[in-house]
Amino acid sequence: MANYDSSRNGTISHVAQDTLHGNWSPQSWRIKEQQMKQPTIYPQEVQPALDQAMARLQKVPPLVTPTEIVKLKASLKEVAQGKAFLLQGGDCAELFDYCEQNPIESKIKLLLQMSMVLIWGANKPVVRIGRMAGQYAKPRSSPTEMVDGKEIPSFRGDILNGFSRDSRNLDPARLLEAYFYSASTLNYIRGALASGFADLHGPLDWSLGHVKDQDLSSKYSRIVTSITESLRFMRTVGADTAGQLQTVDFFTSHEALVLQYEEPLTRNLRQPNNTPTLAEANGLAIQKDHPAYSQITSSWKVPAAHNPSGTAYYNTSAHFLWVGDRTRNVNGAHVEYLRGIQNPIGIKVGPTTSTPDLLELLRTINPAREVGKITLITRYGASKVRALLPTHIRAVEDSEYARCCVWQCDPMHGNGKTTKEGIKTRHFQDIFDELLETLTIHKMEGSYLGGVHLELTGDPVTECVGGSEGLAEEDLNLNYTSYCDPRLNEKQALELAFLIANHYRA
Ligand code: PEP
Ligand code: MN
């Protein structure tokens, strides 16, 4: 926080002051609206429609529940402690049109298969989060763009405006549409999982026919055989008494960019029974020899949400929200909003993140130092990661936030390239290189790379070059359908999971 005094680093007065949340409310971000990055400013004439949409959003039921949010936080605590791995993936910009049975199924099937490979490789449980059911808003580098010689507002995601040239004006009715498309997507995900979509008793279709390289092909086949045999063995010995092979946990996430949407879906709700006390939530974060240990432990009787009435604010539009690289300024509106909610929060960390800012963000959003509350999503680019990541790791791991955060690698957003023809792409090799460097650096620094954050789709798109299919720049036009950043297709995404698994098993 702005009034944080580093000489009081970690003392109870600092913690207590911040955990009371000052004057936070779901609306308090508006105080910072003036200096807001990527603001959504609706024209005066649609103000009544905006009021109406927000009033309606305030009444509709939550999409996710506090019990689920607390459950995800418990899983992320395991990730922060090195006991589990986090797989997060989905489209860069989810469109309302993606709300269809097949694309939803292919995406959850892909994430499920990748998670099986990662469980096999890392020998750890995998926490699955989709960039799905609400990833409708995009930050843009410029508010306008030239289309056919005409300057028009940039496409900012279906929640704000449309991609077609004549629907670029901001339309508040889209906020409500976003809610219903989210609800529908999430409903199908829940239904499919509850009906055995992720039932590991059935054989999974791995289709590795595209892998032309014989060495790779046999390497991947060996992994698949090993996974299949392990599952068969578990079934044979009756290891599935709890029905754990029948379904899996799956959580949703999106960038908390449009606060006119997030605010009305933020609800003061009863804290569920699975809410940990602060002591439990802190876990490994505070070591016995930490100067603040005794002061902090004296307050450990209160639940993590610190509210004597037993209620707390939850963002009910998704389980996990993140703040983007362009909006993570400590004194900005987005951080003001995020610091008040119970959900786990992701923070994008890149080449322009200073170490003082990074620590200030942690102290602002996670003053109680709940383990796993914050996921640091690092995205530097393959050529910069070695120069930048160690400094960020040292800053965090040598501070009072040691062993407190999930470190997650986003190998996508620092590796954008534009072809000679002006097509946005990413090279599979760069993506893998940044991931491998990140794994190696964490190992060297004694920290733990807890997860990956990927832009992917289950459809056979041609947006990133490279991978076993050998997609070349000339192939990009074959099936390039992204409205924003280029995504890994099913084969490339699965291959990345195989490569990570191999790295662990090597
Ligand atoms: C994104 O995740 O789609 C994105 C815009 O990332 P970043 O904020 O890291 O640029
Ligand atoms: Mn993106």
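**Helices and annotated sites**

Biologist: Which residues of α6 are buried?

Modeller: In α6, the buried residues are Tyr-220, Ile-223 and Ile-227. A residue is buried if 20 or more other C-beta atoms lie within 10 Å of its own, exposed if 12 or fewer, and partly exposed in between, with C-beta atoms placed from the backbone. Helices (H or I, at least four residues) and strands (E, at least two) are DSSP runs, numbered from the N terminus.

Biologist: What should I know about the model and its numbering?

Modeller: This is a predicted model, in which local features need pLDDT of at least 70 and side-chain atom pairs count only at pLDDT 80 or more, while totals for chains, interfaces and linings use all residues. Residues are numbered from 1 along each chain as its sequence is written, and chains are lettered from A and ligands numbered from 1 in the order in which they are written.

Biologist: Back to α6: what do its buried residues pack against?

Modeller: They pack against α4 and α14; two residues are in contact if their C-beta atoms, placed from the backbone, lie within 7 Å.

Biologist: How many residues has α6, and what is its reach?

Modeller: Helix α6 covers residues 214-236, 23 residues in total, and reaches 32 Å from its first C-alpha to its last, close to the 33 Å expected at 1.5 Å a residue. The expected span is 1.5 Å times one less than the number of residues. Just after α6, Gly-238 takes a positive phi of about 70 degrees.

Biologist: And α4, what covers its buried residues?

Modeller: The cover includes β1, β2 (126-131), α5 (173-194), α6 and α14. Among the buried residues of α4 are Ile-104, Lys-107, Met-114 and Leu-118. Asn-123, which follows α4, has a positive phi near 60 degrees.

Biologist: Which residues have the most contacts inside the largest nonpolar core?

Modeller: They are Met-114, Leu-118, Leu-338, Ile-347, Cys-405, Ala-493 and Ala-497, in a core of 112 residues. Such a core is a set of buried Ala, Val, Leu, Ile, Met, Phe, Trp, Tyr and Cys residues joined through C-beta atoms within 7 Å.

Biologist: New topic. Which residues does UniProt list for "binding site" along with Cys-92?

Modeller: The unreviewed UniProt entry lists Cys-92, His-413, Glu-455 and Asp-485. They span 394 residues in sequence, yet no two of their C-alpha atoms are more than 9.9 Å apart, so they gather at one spot. UniProt positions are given in the numbering used here, feature names are shortened, and annotations may be inferred rather than shown by experiment.

Biologist: Does Cys-92 count as buried or exposed, and where does it lie?

Modeller: Cys-92 counts as buried because it has 21 C-beta neighbours inside 10 Å. The loop between β1 (85-90) and α4 (101-122) holds Cys-92. Leaving aside neighbours within four places in sequence, the contacts of Cys-92 include Glu-455 and Asp-485. Asp-485 has 18 C-beta neighbours inside 10 Å and therefore counts as partly exposed.

Biologist: What surrounds ligand 1?

Modeller: Cys-92, Pro-139, Gly-324, Asp-325, Arg-326, Lys-348, Arg-379, His-413 and Asp-485 surround ligand 1, each with its C-beta atom, placed from the backbone, within 6 Å of the ligand. By class, the shell has two nonpolar, two polar and five charged residues. Here Ala, Val, Leu, Ile, Met, Phe, Trp, Tyr, Cys and Pro count as nonpolar, Asp, Glu, Lys and Arg as charged, and the others, Gly among them, as polar.

Biologist: Where does Lys-348 lie?

Modeller: Lys-348 lies in strand β9 (residues 345-349), and Arg-379 is among its contacts. UniProt also places a "binding site" feature, from an unreviewed entry, at Arg-131, Lys-348 and Arg-379.
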